[in-house]
Amino acid sequence: MDEERRQWFALQVERLTDRLYGTALRLTRNAEDAEDLVAETVAKAWAKLAELRAPQAFEAWIRRVLNNTFVSEWRRRRAGPELAEPLPCDD
């Protein structure tokens, strides 16, 4: 991507960071998890920036990315860790 697009993205993220963090904190109820969620959201949004069709809708779009990221992580954690090998039985 060109430098102008990078600068635009950085400016938008800087403008919205406090709002994204507030939303993330309400969702996660934990400051550290909220910071991680915002960081992951920004990374995903950057990777998918080409999919943004209406730059004026950036805030709504990145909030959707944040929400979807939270839901995906919540589902992953809810599923629990997968065991590489079955536990031994005492038969």
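This is a predicted model: local features need pLDDT of at least 70, side-chain atom pairs count only at pLDDT 80 or more; totals for chains, interfaces and linings use all residues.
The relative accessible area of threonine 69 is 3%. Buried means under 20%, so threonine 69 is classed as buried. Its side chain reaches the backbone oxygen of valine 65 at a distance of 2.7 Å. When neighbours within four places in sequence are left aside, the contacts of threonine 69 are Leu37, Glu40, Thr41 and Lys44.

Helix α1 (residues 3-28) and helix α2 (residues 31-47) were examined as a pair. Their axes come within 9 Å and cross at roughly 145 degrees. The crossing of α1 past α2 is right-handed. On the α1 side, the contact is made by Arg6, Phe9, Val13, Leu20, Tyr21, Ala24, Leu25, Leu27 and Thr28. On the α2 side, the residues involved are Ala31, Asp33, Ala34, Glu35, Leu37, Val38, Val42, Ala45 and Trp46. Sorted by class, this contact of α1 with α2 comprises 14 nonpolar residues, three charged residues and one polar residue.

The largest nonpolar core contains 17 residues. Within this core, the residues that touch the most other members are Phe9, Phe58, Trp61 and Ile62. Each of the helices α1, α2 and α3 supplies at least two residues of the core.

Phenylalanine 9 also takes part in the contact between α1 and α2. Apart from neighbours within four places in sequence, phenylalanine 9 is in contact with Val42, Ala45, Trp46, Leu49 and Phe58. Among these, Val42, Ala45 and Trp46 belong to the α2 side of the contact with α1.

Conventions: Residues are numbered from 1 along each chain as its sequence is written. Side-chain values use heavy atoms; hydrogens and water are left out. Buried means under 20% relative accessible area, exposed over 50%, partly exposed in between (1.4 Å probe, protein chains only). A polar contact is a pair of N or O atoms within 3.5 Å; within protein, one must be able to donate a hydrogen and the other to accept it, and residues adjacent in sequence count only if both atoms are side-chain atoms. Contact means heavy atoms within 4.5 Å. Axes are lines fitted to C-alpha atoms, for helices over the stretch in contact, and angles run from 0 to 180 degrees between N-to-C directions. Helices (H or I, at least four residues) and strands (E, at least two) are DSSP runs, numbered from the N terminus. A crossing is left-handed if the near helix is turned anticlockwise from the far one by less than a right angle, and right-handed if clockwise. Ala, Val, Leu, Ile, Met, Phe, Trp, Tyr, Cys and Pro count as nonpolar, Asp, Glu, Lys and Arg as charged, and the others, Gly among them, as polar. A nonpolar core is a set of buried Ala, Val, Leu, Ile, Met, Phe, Trp, Tyr and Cys residues joined through side-chain atoms within 4.5 Å.
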